Amino acid sequence: MKKVLVTCPPMLGMFEEFVEPARTLGLNLVAANTKQVLSEAELIALLPEYDGWIIGDDPATGQVFEAAVRGNLTAAVKWGIGVDNVDFQACERLGIPITNTPNMFGGEVADVGMALLLGLARQTYFIDREIRNNCGWPKPAGMSISGKKVGVVGFGDIGESLVKRLGGFDVDVTVYDPGVQGDKGYQYVTREGFPKAVEELDFLVFTCALNNKNYHMLNAEVISKLKSGVMIVNVARGPLIDEDALISALQSGHVAAAGLDVFEVEPLPESSPLRDMPQCIFGSHNGSNTKEGVRRATHQAILRMSEFLKSNKSQ
């Protein structure tokens, strides 16, 4: 039986459900003690005793993998689609087979994106908080969605799922994604190169993967081009946005509000000025976490892990 360390919080939240299915594939799953990520030092200490690693958003660096292969580690799977935290080149150099689990929950993350967008437009979360805090009976004037322009950065699984959902709201959508061609048959979609035409947008939503070319793609310069009162949603990766620049724009009112499921530092530091902005909505990097989505991604992860470890054993 191969020992596999699990550090992915959504999978850990349903851990007992996956123990027996994994055993039938020859895997002994071990749950890490974590709510978000383990540190490099913790991983370096833990991983050498494991044959496999199902990775969450932990720092899966070259240093971590080098320490792990000096022990028993021979395979890894990144749970989910985002791989910006994983050093794939180190895995290739060290001979560690690795993959992710793409196209598992584009719809789930898109649902959260829509919830944040609608919540910002109608201030539903703000109203809820005010009532719960005994702050009267607030009736702020919201924003109608119909007729608005929405920018979507990323046209992969999540981005397309969001665009599909936006089709029922009578909006115009501008998609930014140099890696995907065409409008995929959505007649209300216009294609542009970022940040062209951002000054026309009422909402800007990030659904793309993070890489070394789009780090801080929403920065002070781009924000200055946005129309006053724009609303920002991010259900992708925190470092796509220069958080300091966003905070300044929120404080000035140039950006009216933001719905953020992800941040540059997670969990969001207690000292972050974002915490003092009631016009914003925050999540806990939890967009993919539905029972159905977790099951799909986890069964794919343990299947690929089993294949990797059996292949290594036969060599």
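Reader: Which residues is Asp157 in contact with, leaving aside its neighbours within four places in sequence?

Author: This is a predicted model, so read every value as computed from it. Leaving aside those neighbours, Asp157 is in contact with Asn103, Met104, Phe105 and Gly106.

Reader: Where is the place of Asp157?

Author: Asp157 belongs to helix H8, residues 157-166.

Reader: Is Asp157 buried, exposed or partly exposed?

Author: Compare the relative accessible area with the cut-offs: buried is under 20%, exposed is over 50%. Asp157 has 27%, so it counts as partly exposed.

Reader: What separates Asp157 and Ile247?

Author: Their C-alpha atoms are separated by 29 Å. Along the chain the two residues are 90 residues apart.

Reader: Now the sheets. How do I read one?

Author: Start with the general idea. Strands of a sheet pair through backbone hydrogen bonds, either parallel or antiparallel. Then read the strand order.

Reader: How many bridges join S3 to S4?

Author: Strand S3 (residues 52-55) and strand S4 (residues 75-78) run parallel, joined by 4 bridges. Follow the partners across. Gly52 stands opposite Ala75 in S4. Trp53 has Ala76 in S4 as its bridge partner.

Reader: And which way do S4 and S5 run?

Author: S4 and S5 run parallel, with 3 bridges between them. Lys78 stands opposite Asn100 in S5.

Reader: Which residues cover the two faces of S4?

Author: Ala75 and Val77 lie on one side of S4, Ala76 and Lys78 on the other. All of these are buried, and both faces of S4 are covered.

Reader: What do S3, H4 and S4 make?

Author: With helix H4 (residues 62-69) between them in the unit's listing, S3 and S4 make a β-α-β unit, and that unit is right-handed. The chain then crosses from S4 through helix H5 (residues 88-94) to S5. This β-α-β crossover is right-handed too.

Reader: How do I read the sides of a helix?

Author: An α-helix has 3.6 residues a turn, so residues three or four places apart point the same way. Now look at H4. Its buried residues include Gly62, Val64, Phe65, Ala67 and Ala68.

Reader: What do the buried residues of H4 pack against?

Author: They pack against helix H3 (40-46), S3, S4, H5 and S5.

Reader: Next, the rings. How many aromatic pairs does the count come to?

Author: The count comes to 6 aromatic pairs. Take Trp53 and Phe65 as one case. Their ring centres are 5.7 Å apart and their planes stand at 55 degrees, so the pair is tilted. Trp53 lies in strand S3 and Phe65 in helix H4, so the pair ties together parts 12 residues apart in sequence. Both Trp53 and Phe65 are buried.

Reader: Are the rings of Phe263 and Phe282 stacked or edge-to-face?

Author: Edge-to-face: the planes are 65 degrees apart, with 5.7 Å centre to centre. Phe263 is in the loop between strand S11 (255-260) and strand S12 (281-282), and Phe282 is in strand S12. The pair links distant parts of the chain, 19 residues apart. Phe263 is buried at a relative accessible area of 5%, while Phe282 is partly exposed at 31%.

Reader: Which residues form an aromatic cluster?

Author: Phe155, Tyr186 and Tyr188 form one. Phe155 also has a charge over its face: Lys184 lies at 4.5 Å from the ring centre. In another case, the charged end of Lys3 sits over the ring of Tyr50, 4.7 Å from its centre.

Reader: What is the order of the sheet with 7 strands?

Author: The order is S8-S7-S6-S9-S10-S11-S12, in an open sheet with parallel pairing. Strand S8 (189-192) and S12 stand at the edges, each with a single partner strand. Inside the order, strand S9 (residues 203-206) and strand S10 (residues 230-234) pair in the parallel sense over 4 bridges. Phe206 stands opposite Asn234 in S10.

Reader: Which strands does H6 lie across?

Author: Helix H6 (residues 106-122) lies across strand S6 (149-153), S9, S10, S11 and S12. H6 runs at about 155 degrees to S10.

Notes: Residues numbered from 1 in each chain as written. Predicted model: local features only at pLDDT ≥ 70, side-chain atom pairs only at ≥ 80, totals over all residues. Heavy atoms only, no water. Pairing = 2+ DSSP bridges. Buried < 20%, exposed > 50% of the residue type's maximum accessible area, 1.4 Å probe, protein only. Right-handed = clockwise from strand over helix to strand, strands pointing away. Contact = heavy atoms within 4.5 Å. Phe/Tyr/Trp six-rings, centres within 6.5 Å; stacked < 30°, edge-to-face > 60°. Lys NZ or Arg CZ within 6 Å of the ring centre and 35° of its normal. Axes fitted to C-alpha atoms, helices over the stretch in contact; angles between N-to-C directions.
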